[in-house]
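Subject: Structure handover

Hi,

Here is the structure for you to look over. My notes follow below it.

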Amino acid sequence: MLRGLYTAASGIQAQTAKNDIYVANLANISSAGYRRSQVSQESFPQSLAALDNGAPIQLRGGVTVSSGGLDLTPGPITQTANDFDLTIVGSGFFCVRTPAGIAFTRNGQFQLDADSVLVNRDGYPVLGVKGIIRIASGKLKVDEQGQAWDGDKPVDALRIVDFSDGANLSKQAGSLLVGTGSRPADDYTIVQGAFEGSNVNALLELQRMMNGFRLYEANVRALQMQDDSIETLLSQALG
Amino acid sequence: MMRALWSAASGMMAQQLNVDTIANNLANVNTAGFKRQRVDFQDLMYQATKLPGSPAASGVEVPTGIQVGLGARAAATTKIFAQGTFQNTGNSLDLCIEGDGFFQVLRPNGDVAYTRAGAFKLDSNGNLVTSDGCPLEPPITIPTDAESISIGGDGTVAVILAGNTTPQEIGQITLARFANPAGLLNLGHSLYGATAASGAAQTGTPGDGGLGQVAQGVLELSNVEVVEEMVNMITAQRAYEANSQAIKIADDMLQLANNVRRG
């Protein structure tokens, strides 16, 4: 009886955790290059079996949020009149140098800093194959392969990387991703004068939230019903 | 649960700032030399409840982990320095820059400010000043007996004095440009100030070193596109609405949780 209470409570907690992730996605519907977080859940026995090597514990019922993940489908592309807005069409990420190391992003809203270095909105330098990219003339031109030109002078090619297994990436503030296992991307084209938006779809995200809300509600009802049964039992036993 | 409320609130605040910026762009649709702004958004920091790559069991790693985002924030309001449309006015003191660069004017506090608004006037001493009375830097003084003023593409100012037929050169307009014009500070009155982010002003003759040419009798209007702003406003409004729905769902969940224990 009491075990059922915990099972319902685990369902409530899992739906709460999932809702947090959906809401954070929705809040980032206007964040350029944002990749929506996915979340999946699994039932307890599997996770306990995984924990206990060779000797599975048969405790039935209950659910937990098991893993996140990134939805890497492309976002909508907005055209601008700005030459410093770049989009990767296809698979790949821009590389920026942060104080903590190289980070990856689909957000191609760049600009020049006071030293004419190509940087992102946080001021982190955008990396080319040879290093940072300096555009002394202030006129950036990028061709489809990612070759950057300073006016008429070719400077460097943008470093575009891809991951064989996107699963190992984790998110950082500023639409940045960090992770290991990058390799040069080969299946992409660069579009200048446009940026890629967030891949969050408000309708789908709200639908997931509403669905989650009903599951949450069902778990609350299950909890209340068991509470009622215990109450009946106790009142009869205590007469 | 509380995370959801705050994430959604951050999303609503971000969209509010978006609408504020769009409204300012629309309000300046007829402001000469105005450059539209755009708000760029980013995700906030993440709370990792399970890090990717952490061990799940001996020899097994969590492949993706769980990271819960905490909402969105505005990363920057970027000025878009795309060329505005031109209006032919025929007024000899209306100047525009075709291409990169800013006119330099002296503010009352002695600082140099930069502007694309080229609707210049004459003050009582014959100095070329902006509509607010800030003189051009370096100053250009038109003699009182000048009959006509002509300003060349390279910024040379020549006048024909009364009783003369040949133009006489009296000054040179110089322009300034910046490594990062998006880093300039908005001072209002269509003026911009240099900052550490914009880099120091590089001055020069119009037409040289990447600077645009000056054209006389033409005004550069605002670069705000009404249709584009309207579309942005609709998107912002709908995103705001969606975030408010998220708050409602989170609130309903809290309400249910509060009512788990009955009577």
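**Domains of chain A**

Chain A splits into domain 1 (2-73 + 200-238) and domain 2 (77-196); the bounds come from an automatic or database domain assignment. This is a predicted model: local features need pLDDT of at least 70, side-chain atom pairs count only at pLDDT 80 or more, and totals for chains, interfaces and linings use all residues. Residues are numbered from 1 along each chain as its sequence is written, chains are lettered from A and ligands numbered from 1 in the order in which they are written, and side-chain values use heavy atoms, with hydrogens and water left out.

The centres of domain 1 and domain 2 of chain A, taken over C-alpha atoms, lie 38 Å apart. Nine residues of domain 1 of chain A touch 11 residues of domain 2 of chain A (contact: heavy atoms within 4.5 Å). Together the two domains of chain A bury about 770 Å², with 59% of that on carbon and sulfur atoms. Buried area here is the accessible area (1.4 Å probe) that two parts lose on being put together, summed over both. On the domain 1 side, A:Ala32, A:Arg35 and A:Leu70 give 62% of the buried area, more than any other three residues.

One salt bridge is counted between domain 1 and domain 2 of chain A (a side-chain nitrogen of Lys or Arg within 4 Å of a carboxyl oxygen of Asp or Glu). A:Arg35 pairs with A:Glu196 in a salt bridge, at 2.9 Å, N to O.

**Chain A against chain B**

How many residues of chain A are in contact with chain B? The count is 60 residues of chain A against 61 residues of chain B. Chains A and B bury about 4600 Å² between them. Of that area, 55% is on carbon and sulfur atoms. A:Asp20, A:Arg121 and A:Phe213 supply 12% of what chain A buries against chain B, more than any other three residues.

Five salt bridges cross the interface of chain A and chain B. A:Lys139 and B:Asp100 form a salt bridge, with the closest N and O atoms 3.3 Å apart.

**Cavities**

There are two cavities of 30 Å³ or more. A cavity is a set of points on a 1 Å grid over the protein atoms alone where a 1.4 Å probe fits but cannot get out; lining residues have an atom within 4 Å of a point. Grid points are joined across faces, edges and corners, and a volume is the space filled by probe spheres set on the points.

The largest cavity has a volume of about 60 Å³. Its lining includes A:Arg35, A:Phe93, A:Lys171 and B:Asp43. The lining of the largest cavity takes at least three residues from each of domain 1 and domain 2 of chain A. By class, that lining holds four nonpolar, three polar and four charged residues (Ala, Val, Leu, Ile, Met, Phe, Trp, Tyr, Cys and Pro count as nonpolar, Asp, Glu, Lys and Arg as charged, and the others, Gly among them, as polar).

The second largest cavity holds about 30 Å³ of space. Among its lining residues are A:Leu112, A:Ile135, B:Arg177 and B:Phe178. The lining of the second largest cavity comprises five nonpolar, four polar and one charged.

Best wishes

Terms used: On a 1 Å grid over the protein atoms alone, a cavity is a set of points where a 1.4 Å probe fits but cannot get out, and a pocket is an open set with protein on both sides within 12 Å along at least five of seven lines; lining residues have an atom within 4 Å of a point.
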